[in-house]
Amino acid sequence: MRLRVEFTTEPFDLDEPPRHALVARDVIEAADLDAVDVGPFGNTAEGGADVVLTAVDDLLRKALEAGATRISLQVNVVGEGKS
């Protein structure tokens, strides 16, 4: 199964990315995911279910440890295939 994850971390800082946002970006970029799109107000990535779920676990733990007070997350099934 293929999944798409979309997420944002808060609190926002429009002047410079907060540490939790940089940590979350690093986690997603380091994972073996496809179609990674990192932006100032939201991030998306796709991949097999196992890879996405492992990355989401890592992202939640590390972003919270880095000071995130809220993480909005959505996971969608986008197709069948290699997990």
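Me: How many of the 83 residues of the protein chain count as buried?
Reply: Buried means under 20% relative accessible area, exposed over 50%, partly exposed in between, with a 1.4 Å probe and protein chains only. Here, 33% of the 83 residues count as buried. This is a predicted model: local features need pLDDT of at least 70, side-chain atom pairs count only at pLDDT 80 or more, and totals for chains, interfaces and linings use all residues. Residues are numbered from 1 along each chain as its sequence is written, and side-chain values use heavy atoms, leaving out hydrogens and water.

Me: In what order do the elements of the protein chain run?
Reply: Helices (H or I, at least four residues) and strands (E, at least two) are DSSP runs, numbered from the N terminus. This chain has two helices and four strands. From the N terminus, the order is β-α-β-β-α-β.

Me: Is His20 buried or exposed?
Reply: His20 counts as buried, because its relative accessibility is 3%. His20 sits in helix H1, residues 19-30.

Me: Which residues is His20 in contact with, leaving aside neighbours within four places in sequence?
Reply: Contact means heavy atoms within 4.5 Å. For His20, the list is Thr9, Glu10, Pro11, Ala63, Ala66, Gly67 and Ala68.

Me: Which side chain does a polar contact join to that of His20?
Reply: A polar contact is a pair of N or O atoms within 3.5 Å; within protein, one must be able to donate a hydrogen and the other to accept it, and residues adjacent in sequence count only if both atoms are side-chain atoms. The side chains of His20 and Thr9 are joined at 2.9 Å. The His20 side chain also reaches the backbone oxygen of Pro11, at 3.1 Å.
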